[in-house]
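I opened this notebook to record what I looked up in the structure, one topic to an entry.

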Protein chains: 2
Amino acid sequence: MIKLAAMRAELVPALDSLLALKLRQDVPAADLQAAMTYSVMAGGKRIRPLLLLAVVQTFQADLIPQSLPAAAAIELIHTYSLIHDDLPAMDNDDLRRGHATNHKKFGEAMAILAGDGLQPLAFQWLSDCRFNDTIKIKLVHELAFGAGPLNMVAGQVADMQGEQRTLTLDELKALHQRKTGALLKASLLMGAVISGIDEKRTTALSDFADHLGLAFQIKDDILDVTSTAAQLGKPVHQDQAANKNTYPSLLGLDGARSALTAELDSARHALDPLVASTDISLLAEFLTELAN
Amino acid sequence: MIKLAAMRAELVPALDSLLALKLRQDVPAADLQAAMTYSVMAGGKRIRPLLLLAVVQTFQADLIPQSLPAAAAIELIHTYSLIHDDLPAMDNDDLRRGHATNHKKFGEAMAILAGDGLQPLAFQWLSDCRFNDTIKIKLVHELAFGAGPLNMVAGQVADMQGEQRTLTLDELKALHQRKTGALLKASLLMGAVISGIDEKRTTALSDFADHLGLAFQIKDDILDVTSTAAQLGKPVHQDQAANKNTYPSLLGLDGARSALTAELDSARHALDPLVASTDISLLAEFLTELAN
C-alpha cells in the first residue's frame with residue numbers, strides 16, 4: 001500500500017472520531033451542536049489535516065498522535081468557511097457533498113451561528129493541545145493568519161467581487177492563493193511548527209505550499225467543467241453559471257490542464273532542497289493525486 | 001477626576017488609534033478594510049477593553065501599554081458579534097449607534113465576511129502581542145472560550161430560539177450569562193492573566209464578572225424600555241417588538257430595577273476578598289456607572 005493511502009486509512013477515521021467526540025463535549029447546546037456537527041462530519045476528505053499530518057509524519061513521526069487536535073482545528077476553520085460560502089447572500093448553494101447545505105437544513109440564522117462557533121472553537125482546541133506554549137502560540141498565529149482578512153477572507157471577498165468582471169491571470173492567481181492556498185499553506189506550516197524544522201526546510205515547504213495550493217484550485221476548476229453532478233456531489237458548471245473567473249474560463253480546458261501540470265512540477269521542485277536529507281515521497285504523493 | 005473617567009479619557013483614544021492603525025496594516029483589501037473599520041470605529045464605548053485594562057491597572061499598572069493590543073482584540077470579537085447579530089437572518093436591524101448597520105451600508109455578503117475576518121484577526125493580534133508565550137496562549141484560551149459555542153455563540157442561539165416562547169427567569173439568566181456575560185468575563189480574566197494574580201484573586205474577579213455581566217444586561221433591557229431613540233442611537237422597544245425575553249418583560253420595570261440593584265450588590269461583595277490587599281475603587285466604579 002502506498003504511504004498516503006495508508007496514512008489516510010489510519011488517520012482519517014481517527015480524526016473523524018476526535019472531531020465528533022470533541023464537538024459533543026464542547027458544544028452542549030443541542031441544536032447548535034447538531035448544526036456544527038452536521039457540516040464537520042459531512043464526509044470531507046480532510047485534505048488540510050492530512051497535509052499537517054503528512055509534514056509531521058515526514059519530519060517527526062512520533063508526534064502524530066499529539067498532532068491530531070491541531071489537525072482537527074484546521075478542519076473546523078475549513079468547515080466554517082464552507083458553511084458561510086454557501087449562504088444565500090454568498091454563493092447561495094443548496095447542495096454540498098451530495099447533501100443539503102447547512103442553511104438549507106438548519107435555517108440561515110443557525111448556519112451563520114454554526115460557522116461563527118467553529119472559528120473560536122478551532123483556536124480553543126489549539127490553546128488546549130499537548131504541545132509547549134511556544135509551539136501552541138505559533139500554531140495559533142499560522143491558523144489565524146491563513147484564515148484571516150489578509151488571506152482566506154480577502155480571497156472570498158475578491159472571489160465575490162470578481163464575479164462582476166473578467167480577471168487577469170495574475171489577479172486570478174492572487175485570488176486563489178488567498179481563498180484556497182492560504183489555509184492549505186497554514187496546514188503545511190503548522191506541521192512544520194510541530195516538527196520543529198529549521199528555516200531552510202520551512203521555506204521549501206512554504207514554496208511547495210504555494211504551488212500545491214494553486215494546483216489544488218486549478219484541479220477544482222477543471223473538475224467543475226468535466227465532472228458529472230454524481231461524481232462531485234454537487235451541481236456542476238456552477239462556476240460558469242455564477243460568472244466565476246476560473247482557469248478554464250481564462251485559458252480554456254487544455255490551457256488549464258497545462259497550468260496544472262506546470263504547478264505540480266514547480267511544487268515537486270520546491271522540495272528539491274529537502275531531498276538529500278528527507279524522504280519526501282509522502283508529500284510528493286499529494287501531487288500525484290492531483291495529477292490524476 | 002474620578003479614576004475610571006481618567007482612565008477612559010486616556011485609554012479610549014489610544015485604543016481607537018491602535019484599532020484604526022492595525023486594521024489599516026492588517027487588512028490591505030480596500031473594501032474589506034472599509035467594512036471592518038466602519039463597525040470597529042462606530043463609536044463603541046469600549047467597555048470590554050476597559051474592563052481588561054481596569055484589572056491590569058488595579059494589579060499591575062506598568063503593563064497597561066503592552067495590554068492595549070489584547071484589549072483591542074476583544075473589541076474585534078465584540079464588533080463581529082454585533083455585525084452578525086444585526087444581519088437580516090438574525091435580528092434584522094437597520095441602525096446601530098445611530099448609523100446604518102454594516103449590511104445596510106456594505107451589503108449582506110460583505111457584512112458576513114467583515115465579521116468573519118474580525119474573528120481570526122483577534123487571535124492573530126493575541127499571538128503577536130508583547131507577552132511571553134504562556135500568557136499569550138492563556139489569553140487565546142480565555143477569548144476563544146468566552147466567544148465560543150459554549151458561551152457567546154450558544155447565548156445567541158438561545159436568544160434566537162427564546163423569541164418563540166417565554167423563558168423562566170433562570171433560563172433568561174443563563175442566556176444572558178452566555179450571550180453577554182461570557183465576553184465581559186473573558187475581558188476581566190484576560191486582565192487577570194496579564195497581571196499574573198493568584199487563583200484566589202482570580203476567583204473573586206470571576207464572581208465579580210458573573211454579577212457584573214448580568215447587571216450589564218439587565219441595565220440594557222431597562223434602557224430599551226425607558227430611553228428615547230435619540231438617547232440610544234437605535235430604535236427603542238425593539239425587544240418587545242421582537243418578542244425577546246427581558247428582565248422587564250418577566251419581572252416588570254420595578255422588578256428589573258430591583259434585580260439590577262441586587263446584582264450590583266453581589267458584584268460589589270464578590271470583591272470583598274480583595275479589599276484588604278487591593279484598591280478596588282476602579283473596578284467598583286463600573287458598578288456605580290451601571291447603577292445610574
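Predicted model: local features only at pLDDT ≥ 70, side-chain atom pairs only at ≥ 80, totals over all residues.

**Entry 1**

**Entry 2. Extent of the interface**

I then looked up how the chains touch. In chain B, 43 residues are in contact with 43 residues of chain A. About 3700 Å² is buried between the two chains, and carbon and sulfur atoms give 73% of that area. I recorded Leu113(B), Ile137(B) and Pro149(B) as the residues of chain B that lose the most area to chain A; together they make up 17% of what that side buries. Because 100% of the interface residues of chain B are also interface residues in chain A, the copies meet through the same surface.

**Entry 3. Makeup of the interface**

I asked how many salt bridges the rule finds across the interface of chain B and chain A. The count is 0. For polar contact, I found 12 residue pairs across the interface, both residues of each at pLDDT 80 or more. I listed the helices of chain B that each supply at least two residues to the side touching chain A: α2 (30–40), α4 (64–85), α6 (108–128), α7 (133–147) and α8 (152–162). The largest share of that side, 14 residues, comes from α6(B). By class, I noted 26 nonpolar, 10 polar and 7 charged residues on the side of chain B that touches chain A.

**Entry 4. Helix α8 of chain A**

I next examined helix α8 (residues 152–162) of chain A, where 10 of the 11 residues are buried, so the helix is largely enclosed by the rest of the structure. I noted several of the buried residues by name, among them Met152(A), Val153(A), Gln156(A), Asp159(A) and Met160(A). Which elements do the buried residues of α8(A) pack against? I found α4 (64–85), α7 (133–147) and α9 (169–195) of chain A, together with α2 and α6 of chain B.

**Entry 5. Salt bridges**

I looked up the total over all chains, which is 28 salt bridges. One of these joins Arg46(A) and Glu75(A), with the closest N and O atoms 3.0 Å apart. Arg46(A) lies in the loop between α2 and α3 (47–59) of chain A and Glu75(A) in helix α4 of chain A; at 29 residues apart, the pair links distant parts of the chain. I recorded both Arg46(A) and Glu75(A) as buried.

Glu289(B) is partly exposed at a relative accessible area of 36%, and Arg8(B) is partly exposed at 27%.

I also noted the salt bridge of Arg268(A) with Asp272(A), at 3.3 Å from N to O. Arg268(A) is partly exposed, with 32% relative accessible area; Asp272(A), at 37%, likewise counts as partly exposed.

Last, I recorded a network of salt bridges that links Asp85(A), Asp91(A), Asp159(A), Lys179(A) and Lys244(A). Asp159(A) is also one of the buried residues of α8(A).

Methods: Residues numbered from 1 in each chain as written. Chains lettered and ligands numbered in written order. Heavy atoms only, no water. Contact = heavy atoms within 4.5 Å. Buried area = accessible area lost by both parts, 1.4 Å probe. Salt bridge = Lys/Arg side-chain N within 4 Å of Asp/Glu carboxyl O. Polar contact = N/O pair within 3.5 Å; in protein donor to acceptor, adjacent residues only side chain to side chain. Helix = DSSP H or I, 4+ residues; strand = E, 2+ residues; numbered from the N terminus. Nonpolar A, V, L, I, M, F, W, Y, C, P; charged D, E, K, R; others polar. Buried < 20%, exposed > 50% of the residue type's maximum accessible area, 1.4 Å probe, protein only.
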